[in-house]
Structure formats: C-alpha cells, structure tokens
Amino acid sequence: MSKLGVQNPISAGQYMGGYSATAVADTNWHTLTSSDFVDPITKTAFADGLKFAYLEIRNGSTTLEAHYMLRAADTPTDGKTNTDGVVPIQGGGAADIQGLADGHLVTSIAYAKAAAGDTFTITAGFNK
C-alpha cells in the first residue's frame, strides 16, 4: 500500500482463459475451478488450484439477472438473493478479485445463468 492509501496496480493475472456456459441448459449453480478453463496459447486446461485474479462475465440476457459468487456452490439450488452473498449481473461486468481483502483465497467460483437458453461466457485471469 502506498503512503497515499492507494493500492499499487494489480495485473489481471499470470494466466488467462475463457469458459462458455452457453450449452448449459439450466439456471442451477455450477462451480468452476481453474481446470475448467483452457489456455488460449497452449490449448491445454490449466492445473487445478490456481487462484482467480480477475473475472469478466457476459450474460446474454439484458433483462434478467444472472449471478455469480466467489466460492463454490453448496448445492445446485443455492439462493440468489442479496442475503445469499451472490453478485447479480445483467448484461456484463468484471471483478478485480485479487484487489479484495481475501481475494487471494478464491480458487473456485460459481455461476447461475439467467435463463437456460442464454449465451453466457466468462473470461478469467489466474495467479499461482
């Protein structure tokens, strides 16, 4: 932390990969780890256990909220309200996870689509 109370710039991660959930035909919670993402340079899946540094999510629905959380889902039918500790997303958005106080602990995320037929993609950056 600098003396001005501003955090130094953080990279989007040492590794980057994408995930498409467009073919997932439900609105249940699905948990992802780094091994669910493929390196666009080597075309191989990342090792499990990398830490999420950055997320960019695109929800194909512009009228319904999709959701994500910075932890694994407990069940496919976990709640989707503010008190459930989830983040709603309409259209698209990004999260700088490693900038969060406990962001260095995020090794899994979960998502729930707004509607079963929606396009839904995640771009993620990872660190070791």
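Residues are numbered from 1 along each chain as its sequence is written, and side-chain values use heavy atoms, with hydrogens and water left out. Because the model is predicted, local features need pLDDT of at least 70 and side-chain atom pairs count only at pLDDT 80 or more, while totals for chains, interfaces and linings use all residues.

Strands here are DSSP runs (E, at least two residues; helices are H or I, at least four), numbered from the N terminus, and two strands are taken to pair if DSSP finds at least two bridges between them. Four strands form an open antiparallel sheet in the order β1-β8-β3-β6. Its edges are β1 (15-20) and β6 (92-96), each of which pairs on one side only. From one strand to the next, the twist averages 15°; for such angles, axes are lines fitted to C-alpha atoms (for helices over the stretch in contact), and values run from 0 to 180 degrees between N-to-C directions. Six bridges connect β1 and β8 in the antiparallel sense, and Y15 stands opposite F126 in β8.

The other open sheet also has four strands, in the order β2-β7-β4-β5, again with antiparallel pairing. Here β2 (30-33) and β5 (87-89) each have a single partner strand, so one side of each is left without a neighbour in the sheet. The twist in this sheet averages 30° from one strand to the next. Strand β7 pairs with β2 over four bridges in the antiparallel sense, and T33 stands opposite S108 in β7. Three bridges join β7 to β4, also antiparallel; across this pairing M69 stands opposite A110 and H67 stands opposite A112.

Five of its five residues are buried, where buried means under 20% relative accessible area, exposed over 50% and partly exposed in between, using a 1.4 Å probe and protein chains only. Both faces are covered, with S108, A110 and A112 on one side and I109 and Y111 on the other. S108 itself counts as buried because its relative accessible area is 15%. Leaving aside neighbours within four places in sequence, S108 is in contact (heavy atoms within 4.5 Å) with T31, L32, T33, F52, L70, R71 and A72. A polar atom of the S108 side chain also lies 3.2 Å from the backbone nitrogen of A72.

Turning to the packing, in soluble globular proteins nonpolar side chains tend to be buried together. A nonpolar core is defined as a set of buried Ala, Val, Leu, Ile, Met, Phe, Trp, Tyr and Cys residues joined through side-chain atoms within 4.5 Å. The largest such core has 23 residues, of which Y19, F37, F52, L55, Y111 and I122 touch the most other members. Two or more residues each come from β3 (51-59), β4 (66-69), β7 (108-112) and β8 (120-127), and β8 gives the most, with four residues. Not counting residues up to four places away in sequence, L55 touches Y68, L70, G93, A94, A95, I97, I109, I122, T123 and A124. Apart from this core lies another, of six residues, among them W29, A73, V86 and A112.

Technical notes: A polar contact is a pair of N or O atoms within 3.5 Å; within protein, one must be able to donate a hydrogen and the other to accept it, and residues adjacent in sequence count only if both atoms are side-chain atoms.
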